[in-house]
Amino acid sequence: MLGSIANSLVELGEDNTTTMVPLVNNVGTTCLTITEPEVGKEAVEARDASIEDVLVKYVEHLKERTQHHLGYPYNLDFDYGSVIAKLSGFSINNLGDPFIESNYGVHSRQFEVAVLDWFAHLWEINKQDYWGYVTSCGTEGNLHGILVGREVFPDGILYASKETHYSVFKAARMYRMECVKVETLVSGEISWEDLQAKLLINRNKPAIVNVNIGTTVKGAVDDLDKVIQILERNGFKDRFYIHCDSALFGLMMPFFNQAPKITFKKPIGSVSVSGHKFIGCPMPCGVVITRSIYEKKLSDFNQVEYLASVDSTIMGSRNGLAPVLLWHGLNRKGYKGLRKAAQKCLRNAIYLKERLRESGISALLNPLSSTVVFERPIDPAFVQQWQLACEGNIAHVVVMPNITIAKIDGFMEELLEMRETWFRGGKIVKPCVAADIGRENCLCEQHKI
């Protein structure tokens, strides 16, 4: 009997905890080379032809990988070709504070602040009351939000559920903060009972709480209002800072009827979101918004004469092309276009979950989520082919605007064909994933209805 799909894929330590997950092929053994160019007309022509050949093959590789992409929350349905063509000849760098122009004039602050204003309006904070910037990715947004929380409460303890994105725990290590991991429900949502119990153990210290607006693996949404109630009810009023990691669903939930609101009208400190996920962008990017009264704690001592600006962001030099592309994408789609895309993702996620369960495959889809969790495929080659994200016994598909019904059908056809091979003859028993996604979602021999 197969006790765990992942048994053959991990090494266990003496205490039976996972210590290492083997990585896919080492790129170092297959990477390209860089050679010193020869001189002479014929040598130059041969070199240029060789470079072009490599790039053509690379583009074909990217096209194939894009067609077989399901596991990561990236919207690959975008076209910024004309914009990039216009701007590719410039080194656009938004170094320093987005609201304070530096002496370097080749920047896109006017686009960046427009994007920030759009998100400030979405999350209901007045222009004069917020500060933010376009980040290099969602991780940078989390790093900045947690940093602000630490500066507001230098002796505060960071609380984050165990299914929180790894970047939050990275922030705790970088800033040398005391960090408490909170248990989760089987859905992936934070356990309110455990959060309260752990807060009470440290009631003498302020709380810096990370709230997940969509967990990484299961797409579970923590109840922001419940977190606030627990903090205020247990003596933390005016002694807490909340960062909302809204990497993906922070841009989708506003367009779902009856979804809880992420708003600065509630006592939150910061919100971060990824730009390359739901909106779609050819490079990783994101947005972080915080309150201007908090940001002053970081910027007051960071005026840099060399920049003629303020070093108030995590990075020094910042990608100036990303704000232009986000501005372009938001202008073209608007609220109506984003709402249509979000609702399409939800419909297609429901379709995928139903197809999985109709085929006898255990599956979970949390409310307000487009992340479909299911049994981890046994064959690592299949996982790599479809670029599935896996954890232990489960894998997931994140249904984004580029994930069509046709792509779902193609994936299901191949998955079902492979499962016939994997489980033929009953030599390998279909796994139980009740502990991972709940008994009601498990279709193993023991739990199927």
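Helices here are DSSP runs of at least four residues, numbered from the N terminus. The model is predicted. With that in place, helix H12 spans residues 405-422, and arginine 419 lies in it.

Start with that arginine. Arginine 419 has a relative accessible area of 9%. Buried means under 20%, so arginine 419 counts as buried. What does arginine 419 touch, once its neighbours within four places in sequence are set aside? Its contacts are Gly360, Ile361, Glu375, Arg424 and Lys430.

Arginine 355 belongs to helix H10 (residues 321-358), while aspartate 409 belongs to helix H12. The two residues are 54 residues apart, and the pair links distant parts of the chain. Arginine 355 is partly exposed, at 22% relative accessible area. Aspartate 409 is also in the partly exposed class, with 26% relative accessibility.

Now turn to the strands. Strand E7 covers residues 240-245. Is strand E7 largely enclosed or largely open? Of its 6 residues, 6 are buried, so E7 is largely enclosed by the rest of the structure. In a regular strand, side chains alternate between the two faces of the sheet. E7 can be read residue by residue. Phe240, Ile242 and Cys244 point one way. Tyr241, His243 and Asp245 point the other way. Both sets are buried.

E7 has a partner in strand E6 (residues 207-212). The two run parallel and are joined by 6 bridges. E6, helix H7 (residues 224-233) and E7 make up a β-α-β unit, and the unit is right-handed.

Strand E8 (residues 270-274) also pairs with E7. This pairing is parallel too, over 3 bridges. Histidine 243 stands opposite serine 270 in E8. Aspartate 245 has serine 272 as its bridge partner in E8.

Ser270, Ser272 and Ser274 point one way from the strand. Val271 and Val273 point the other way. Every one of these residues is buried.

Which way do E8 and strand E9 (residues 286-291) run, parallel or antiparallel? They run antiparallel, and 5 bridges join them. Here valine 273 stands opposite valine 287 in E9.

Next, the charged pairs elsewhere. A search of the whole structure finds 16 salt bridges. One of them joins the side chains of lysine 205 and glutamate 178, at 3.9 Å from N to O. Lysine 205 sits in the loop between helix H6 (192-201) and E6. Glutamate 178 sits in the loop between helix H5 (166-175) and strand E5 (179-182). The pair therefore ties together parts that are 27 residues apart in sequence. Lysine 205 is partly exposed, with a relative accessible area of 30%. Glutamate 178 is partly exposed as well, at 41%.

Another salt bridge forms between the side chains of arginine 150 and glutamate 151, at 2.6 Å from N to O. Arginine 150 is partly exposed, at 23% relative accessibility. Glutamate 151 is partly exposed too, at 26%. Salt bridges can also join up into a network. Glu124, Lys261 and Lys265 are linked in this way.

Finish on the surface. Which residues form a nonpolar patch there? Phe90, Tyr104 and Val106 do, with about 270 Å² of accessible area together. Valine 106 is found in the loop between helix H2 (81-87) and helix H3 (109-122). Its relative accessible area is 35%, so valine 106 is partly exposed. Patch members need over 30% relative accessible area, and valine 106 is at 35%.

Terms used. Residues are numbered from 1 along each chain as its sequence is written. This is a predicted model: local features need pLDDT of at least 70, side-chain atom pairs count only at pLDDT 80 or more; totals for chains, interfaces and linings use all residues. Side-chain values use heavy atoms; hydrogens and water are left out. Patches are made of residues with over 30% relative accessible area and no salt bridge: like charges are joined within 9 Å, nonpolar side chains (Val, Leu, Ile, Met, Phe, Trp, Tyr) within 5 Å. Accessible areas come from the Shrake-Rupley method with a 1.4 Å probe; for residues, only the protein chains shown count as cover. A salt bridge is a side-chain nitrogen of Lys or Arg within 4 Å of a carboxyl oxygen of Asp or Glu. Buried means under 20% relative accessible area, exposed over 50%, partly exposed in between (1.4 Å probe, protein chains only). Contact means heavy atoms within 4.5 Å. Two strands pair if DSSP finds at least two bridges between them. A crossover is right-handed if, with the strands pointing away from the viewer, the path from the first strand over the helix to the second runs clockwise.
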